[in-house]
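Please look through the sequence and the structure shown here before reading on. The paragraphs that follow take up a pair of helices and then the charged side chains.

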Amino acid sequence: MTLVDKIRAFRTIKNFSQDNLAQMLGISLTAYAKLERGETEMSFTRLEQIAKAMEVRVVDLLNFGEQGFFYMNNSINSS
């Protein structure tokens with residue numbers, strides 16, 4: 001799962017639209033959509049802003065999906 005996939009998935013879980021996040025970040029919807037599609041390079045500062053807007057730590061956003069995959073595999077293996 002790429003970083004932009006994680007951001008998109010987490011945004012969806014949090015029930016934010018792209019427009020919501022764009023407004024929170026003070027950028028246009030087009031600029032945000034390009035970030036989420038990976039068409040614009042993601043700076044660490046922008047990643048911090050996105051994490052803050054979604055009320056999550058950067059490390060949790062970076063690891064999003066990875067732990068779920070681990071736990072899912074771990075439960076399957078322990079059955």
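Which residues in α1 meet which residues in α3? Val4, Ile7, Arg8 and Arg11 in α1 meet Tyr32, Leu35, Glu36 and Arg37 in α3, where contact means heavy atoms within 4.5 Å. This is a predicted model, in which local features need pLDDT of at least 70 and side-chain atom pairs count only at pLDDT 80 or more, while totals for chains, interfaces and linings use all residues. Residues are numbered from 1 along each chain as its sequence is written, and side-chain values use heavy atoms, with hydrogens and water left out.

Helix α1 covers residues 3-13 and helix α3 residues 29-37, and their axes come within 7 Å and cross at roughly 120°. Helices here are DSSP runs of H or I with at least four residues, strands are runs of E with at least two, and both are numbered from the N terminus. The axes are lines fitted to C-alpha atoms, for helices over the stretch in contact, with angles that run from 0 to 180 degrees between N-to-C directions. Angles under 35 degrees count as roughly parallel, over 145 as roughly antiparallel, 65 to 115 as roughly perpendicular and the rest as oblique; α1 and α3 are therefore oblique to each other. The residues of the contact of α1 with α3 divide into four nonpolar, no polar and four charged, with Ala, Val, Leu, Ile, Met, Phe, Trp, Tyr, Cys and Pro counted as nonpolar, Asp, Glu, Lys and Arg as charged, and the others, Gly among them, as polar.

The structure holds five salt bridges, each being a side-chain nitrogen of Lys or Arg within 4 Å of a carboxyl oxygen of Asp or Glu. In one of them Glu36 pairs with Arg8, with 3.6 Å between the closest N and O atoms; Glu36 lies in helix α3 and Arg8 in helix α1, so this pair ties together parts that are 28 residues apart in sequence. Glu36 also forms a salt bridge with Arg11, where the closest N and O atoms are 2.7 Å apart, and this pair links helix α3 with helix α1 across 25 residues. Glu36 and Arg11 are both buried, while Arg8 is partly exposed, with a relative accessible area of 31%; buried means under 20% relative accessible area, exposed over 50%, and partly exposed in between, with a 1.4 Å probe and protein chains only. Asp5, Arg8, Arg11 and Glu36 are linked in a network of salt bridges.
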